[in-house]
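Please look over the sequence and the structure shown here before reading on. The briefing that follows is grouped by topic.

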Amino acid sequence: MDLNFCITCAAPLAARDDTEYVCDNGHPYWNEPRASTCVVLLDGDRVLVAERAVEPRKGSYIFPGGFLHFGEDPREGARREIREETGLSCGELTLLDVHNLRYQENEASLSIVFLAHDWQGAPAADDDAAALVWQPLDVVDGDRFAWPFPGLTDRIRGITGAGADVAHS
Ligand SMILES: [Zn+2]
């Protein structure tokens, strides 16, 4: 995100802090987190992750997902992103957690994390992901995961019993 100029009058913007910016003419700009969704798909104790093919954090792993559209229901947005990124059709989604991720240096995302209880199809990566791979759930807490989700793996295990009681078809 380029925060150099005011979106109202195009004067130079100055940061008061990470959230509040103001231009020379006094127009404020609020650099608040943008809402995104991602989905945890489990097969036993393995989780489906996408290897990023683009910056930021190219080569690292993320949950499949993406930014919500304007006015879009979060669950519908999550299903849309999963369909676009993996080709899978998700059934029921349970809200797992919400995390405020520092996506880039001056850009944050409020990430709404869902658990998919069932889905149909075989994962096929689109252009944004180099590959879709099944990894042990512990990968989420490792160095190769793009952004930290503190406490999420414990929450997943608490809900699913170590990921054993969800199935795909
Ligand atoms: Zn301005």
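Threonine 153 counts as buried because its relative accessibility is 4%, where buried means under 20% relative accessible area, exposed over 50% and partly exposed in between (1.4 Å probe, protein chains only). The model is predicted, so local features need pLDDT of at least 70 and side-chain atom pairs count only at pLDDT 80 or more, while totals for chains, interfaces and linings use all residues. Residues are numbered from 1 along each chain as its sequence is written, and side-chain values use heavy atoms, with hydrogens and water left out.

**Around threonine 153**

- Leaving aside neighbours within four places in sequence, threonine 153 is in contact with Leu137, Val140 and Asp141, contact meaning heavy atoms within 4.5 Å.

**Zinc site**

- The zinc ion is coordinated at 2.1 to 2.3 Å by Cys6 (SG), Cys9 (SG), Cys23 (SG) and His27 (ND1), donors being N, O and S atoms within 2.8 Å of the metal (3.2 Å for Na, K and Ca).
- The site of the zinc ion is tetrahedral, with angles of 106 to 113 degrees among its 4 donor atoms; four donors count as tetrahedral if all angles lie between 85 and 135 degrees.
- The donor residues of the zinc ion follow the sequence spacing C-x2-C-x13-C-x3-H.
- Cysteine 6 counts as buried because its relative accessibility is 8%, whereas cysteine 9, at 30% relative accessibility, counts as partly exposed.

Key: Four donors count as tetrahedral if all angles lie between 85 and 135 degrees; four count as square planar and six as octahedral if opposite donors are over 155 degrees apart and all others between 65 and 115; anything else is irregular.
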